[in-house]
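Reader: Could you take me through this structure one feature at a time, giving me the general idea of each before the case itself?

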Amino acid sequence: ETSDAKNPNTLPSAALNRDPEGPEAPRNRRIARNTVFLLAGRVTDLVAGLLAGVLIARHLGAEGYGQFTYITAFVTMIVSISYFGLDRIATRTLAANKDEAPQFVGATITARWIMQALAVLVMLASVRSADIGPGLTLALCLCTLSELATSSAANLNAVFRAYARMDVEAMLTVVWRLTTLAGIVMAVWLKFDITGLCAIILLGNLPRLLMALVLLRSRFVKPVFTFDWPRIRNLMASSMVLGISTLFSIWFFRAAQFALNALRDKSAVGLFQVGQSMLQQSMMLAVSLTLAVLPAVSALAKASDENRRQLTGIYRGTGRHLILMGSAISLTLIVFADEVVRVLFGPSFAAAVPSLRVVILAAVPLFLCLLNASYFIAFNLQKYLTLSWGVTLAAVYAFYFLLIPRFDLVGAGWALVAAMVLNVAIQSVFFRMTTLRFLRFPLVPAVGTAVLLVAALLLLDGGRSLLIRIPVYAVMLVAGMMLWLKGGRVRPPLPPGGIR
């Protein structure tokens, strides 16, 4: 914390020192409060997003759902250019310096407009090469506008996070998801086609964006658009490495759609999307926790023993919670995949069960990658994120083209899991090579969780009776809790001057 009396968003150091719980207690309480708000929004996001996906899948069937998924994947692959890492850089920079907030926010919005214009140009140039099917050009355009609105809203949410007002982001998420879900229910009832569904999704995105703009100007800061090109250029230069990393990570989660479309068909795309959508929706919970941690980690990113001690505590505690969260989600879906798919998606998606049970194994390594990303960003080490996601992206395409022809959808699932494990391993090596080497990867709970989940995958398939699966599931869940309580050993802080 800073003792600058001019900054109303901080506490004087003397007040912190009087806290009986130690100087890090206010920061920990703020992380907890922000996490609660973000989790509330993300839980709504998860439930409403899952229900929306289920309704669309049931309405369109496997092949139609595959077509819809392929369109959204193609749009996201291109429009993701507009993200460019600007939101996380904005959160980190604005949280540390709010004196020039109007000018900085104006520059951030201008930079986003520039990148959105570039994304639209790339979309126009590549639309002819897209295998979107006849009569779906309008659906592609509507989906593009919707993704651009999402990109703009993400930019504004970065400002709310910098002011530690995650409750605002949570409220906007709830409004967006519930509005969209209501529209999809109506569209399914009226039997809309893919184009109609894309129009409904766009209409659900617009209220969130408008509300975010109104709240930004009325309660936080009024952006000043001076078109300060040196500031905009510096902002884009500082976010370039993270922007490439963001592109790689988004492309990573869209690679399966293109590989399966090339090697199989649209029905395979729709079936595999069942497992991948479960993974991505659960990821929203982990995103909440890591985003709440990022401002605190950014404020502590200075070479001192006390800061390293607090950073180590945050990493260990957050890592343990993420492992618990990921293992509980994975174990539940592995054991009850048959019932979940049959109840939610219907019998026509029964072929998605084997791939779902494999894909969800990627939850724990994915969650840990999100935590590692917060530390790389806070310490201005984004280039290592770019390297890890770049290698992972190349690896997952190689794995897909190697395993899908041999093992079909299950092979695609194992390719995704192997690539995520590779990403965690690469990031752990980079920790040891940089100023983050004082952090120790939670190896004991991570390996124990991996063994537990693989055992569940091998022993508790859907062919066994629920009378067997439920008690064994309970025992495994308790074992996972014990691994979580054990945590991971952390290297003690280094002496002053011990960081390269």
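Predicted model: local features only at pLDDT ≥ 70, side-chain atom pairs only at ≥ 80, totals over all residues.

Reader: Is Ala350 buried, partly exposed or exposed?

Author: The idea is to take the relative accessible area and compare it with two cut-offs, since under 20% means buried, over 50% means exposed, and anything in between is called partly exposed. Ala350 has a relative accessible area of 46%, and so it is partly exposed.

Reader: How many salt bridges does a search of the whole structure find?

Author: In general, side chains of opposite charge can pair when their charged atoms come close. In this model the search finds one salt bridge, formed by Arg264 with Asp408, whose closest N and O atoms are 2.1 Å apart. The pair links distant parts of the chain, for Arg264 is in the loop between H8 and helix H9 (266-299), whereas Asp408 is in helix H14 (residues 382-433), 144 residues apart. Arg264 is partly exposed because its relative accessible area is 36%, and Asp408 is partly exposed because its value is 31%.

Reader: What is the phi of Asp408?

Author: Phi of Asp408 is near 60 degrees, a positive value in a residue other than glycine. Asn380, which is not a glycine either, has a positive phi of about 60 degrees. Asp408 is placed in helix H14, while Asn380 is found in the loop between H13 and H14. With a relative accessibility of 51%, Asn380 lies over the cut-off and therefore counts as exposed.

Reader: At what angle do helix H10 and helix H13 pack?

Author: One reads the angle between the axes along with the distance between them. Helix H10 (residues 305-335) and helix H13 (residues 363-378) pack at about 155 degrees, with their axes 8 Å apart. Because of this angle, H10 is roughly antiparallel to H13, and the crossing of the two is right-handed.

Reader: How do H13 and H14 cross, in a left-handed or a right-handed way?

Author: H13 passes H14 in a left-handed crossing. The axes of these two helices come within 9 Å and cross at roughly 25 degrees, and H13 and H14 are therefore roughly parallel to each other.

Reader: Which residues form a nonpolar patch on the surface?

Author: Trp113, Ile114, Phe225, Phe227 and Trp229 form the nonpolar patch, and together they have about 510 Å² of accessible area. One of them, Phe227, is in the loop between helix H7 (194-220) and helix H8 (229-263). Phe227 has a relative accessibility of 42%, and so this residue counts as partly exposed.

Note on methods: Residues numbered from 1 in each chain as written. Heavy atoms only, no water. Patch = residues over 30% accessible without salt bridge, like charges linked within 9 Å, V, L, I, M, F, W, Y side chains within 5 Å. Areas by Shrake-Rupley, 256 points an atom, 1.4 Å probe, with all protein chains shown as cover. Salt bridge = Lys/Arg side-chain N within 4 Å of Asp/Glu carboxyl O. Helix = DSSP H or I, 4+ residues; strand = E, 2+ residues; numbered from the N terminus. Buried < 20%, exposed > 50% of the residue type's maximum accessible area, 1.4 Å probe, protein only. Axes fitted to C-alpha atoms, helices over the stretch in contact; angles between N-to-C directions. Parallel < 35°, antiparallel > 145°, perpendicular 65-115°, else oblique. Left-handed = near helix turned anticlockwise from the far one by under 90°.
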